[in-house]
Amino acid sequence: MGDRAYAPAAKPVPVRATNGTANGGGGGPPRPAPPSMLPGGRVPPPPMYRPKPAQSRPPARRPRRSARGWCCACCLWLTLVLVGLVFLGAIAAGVFYVVYRPRPPSFAVTSLRLAALNVSDSDALTSRIEFTVTARNPNDKIAFRYGDIAASFASDDGADVGDGVVPGFLHPAGNTTVVRAAASTASSTIDPVQAAALRSRKSHVMAAQMDAKVGFQIGRFKSKSINVRVTCAGVSVGLAKPSPAAAPAPAPDAEPTVVVAAAPAPARGRGRGRSPRSVVRTSSSSASGGGGKMTPTDAKCKVRIKIWIWSF
């Protein structure tokens with residue numbers, strides 16, 4: 001094969017300068033270079049158009065929930081659950097009230113005796129108070145369980161006159177229970193103004209306060225105990241005069257001894273809605289052995305129930 005002959009490259013055609021300038025001089029923008037020529041002086045064809053292949057789109061992703069969205073959802077569900085629990089509790093309370101008709105017990109100080117009251121020159125108080133409290137349970141199906149009852153007496157000017165503890169007992173449904181006990185104080189120093197007021201008075205107006213933990217019982221079910229305070233105000237009593245034939249009074253600092261009698265179950269007769277009375281008897285140490293009679297009173301008491309931080 002013979003060698004292929006190529007045409008010599010075309011030399012650039014000189015362009016006359018305009019305004020006295022030669023090729024490549026200033027005076028205007030440079031002209032574009034002519035397209036490259038194929039051998040034989042042919043112009044190359046334009047590039048072939050090739051369409052780009054269609055690219056597959058990635059699957060759409062679900063938008064992720066932010067932390068704020070999760071918090072709102074949790075708060076919504078928690079609110080719905082609380083509303084549901086409150087609604088169920090209201091239904092249960094309504095059914096309980098319709099079936100059992102619960103009512104709180106009532107208390108009254110029916111008698112009071114100031115067996116001893118002595119204020120020394122050094123404002124030391126020694127006293128003994130014997131009292132009777134009547135408790136009534138108006139419920140037909142609910143019994144009350146009383147823990148140890150802390151009783152305290154104070155004069156109208158705030159002086160602490162006596163303290164005592166009454167053992168707890170079971171208060172059956174539809175029952176009336178009478179509690180007789182004593183409260184005392186020995187050589188308790190009081191304010192001089194209060195001491196002078198106690199010396200100058202022959203009759204004293206006192207207020208009684210009893211605190212206990214009380215729970216209710218329906219059949220075998222026993223509830224938790226809650227704090228209950230009973231306040232009796234406006235009880236007027238005078239110092240009892242000892243009788244010559246009476247037995248010597250016990251020491252003021254003696255602990256009150258109370259014997260709780262078994263309370264019978266409520267027995268309702270035909271045509272009668274009353275139940276027998278259960279009496280809480282005291283021993284001889286808390287009986288009226290210091291002479292004088294118990295002063296009958298009819299002081300009504302107020303019952304306050306405390307649950308956590310609420311009192312009603």
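**Confidence, salt bridges and a buried asparagine**

Over residues 244-250, pLDDT stays under 50, and the model has 10 contacts there beyond four places in sequence. The structure is a predicted model, so such values matter for reading it: where pLDDT is low, the predicted coordinates should not be read in detail. The chain as a whole has a mean pLDDT of 74, with 63% of its residues at 70 or more. Confidence is lowest in strand β11 (residues 277-280), at a mean of 41. It is highest in β3, at 93.

Helix α1 covers residues 67-100 and has 34 residues. From its first C-alpha to its last, α1 reaches 49 Å. This is close to the 50 Å expected at 1.5 Å a residue. Just after α1 comes R101, which takes a positive phi of about 50 degrees.

The structure holds 5 salt bridges. One of them joins the side chains of R113 and E130, at 3.3 Å from N to O. R113 belongs to strand β1 (residues 106-119) and E130 to strand β2, so this pair links distant parts of the chain, 17 residues apart. R113 counts as buried because its relative accessibility is 1%. E130 is buried as well, at 3%. Salt bridges that share partners join R113, R128 and E130 into one network.

Another salt bridge brings together the side chains of R199 and D123, at 3.0 Å. R199 sits in helix α2 (residues 192-200), while D123 lies in the loop between β1 and β2, 76 residues apart. R199 counts as partly exposed, at 41% relative accessibility. D123 counts as buried, at 15%.

R201 and D156 also meet in a salt bridge, at 2.7 Å from N to O. R201 lies in the loop between α2 and β8 (203-218), and D156 in the loop between β4 (149-155) and β5 (160-166). The pair therefore ties together parts that are 45 residues apart in sequence. At 31% relative accessibility, R201 counts as partly exposed.

N137 lies in the loop between β2 (124-136) and β3 (143-146). N137 is buried, because its relative accessible area is 4%. A polar atom of its side chain lies 2.9 Å from the backbone oxygen of I142. The side chain of N137 also reaches the backbone oxygen of P172, at 2.9 Å. Beyond four places in sequence, N137 touches several residues, including F144, H171 and N175.

Definitions and conventions: Residues numbered from 1 in each chain as written. Predicted model: local features only at pLDDT ≥ 70, side-chain atom pairs only at ≥ 80, totals over all residues. Heavy atoms only, no water. Helix = DSSP H or I, 4+ residues; strand = E, 2+ residues; numbered from the N terminus. Buried < 20%, exposed > 50% of the residue type's maximum accessible area, 1.4 Å probe, protein only. Polar contact = N/O pair within 3.5 Å; in protein donor to acceptor, adjacent residues only side chain to side chain. Contact = heavy atoms within 4.5 Å. pLDDT = per-residue confidence, 0-100. Expected span 1.5 Å × (residues − 1). Salt bridge = Lys/Arg side-chain N within 4 Å of Asp/Glu carboxyl O.
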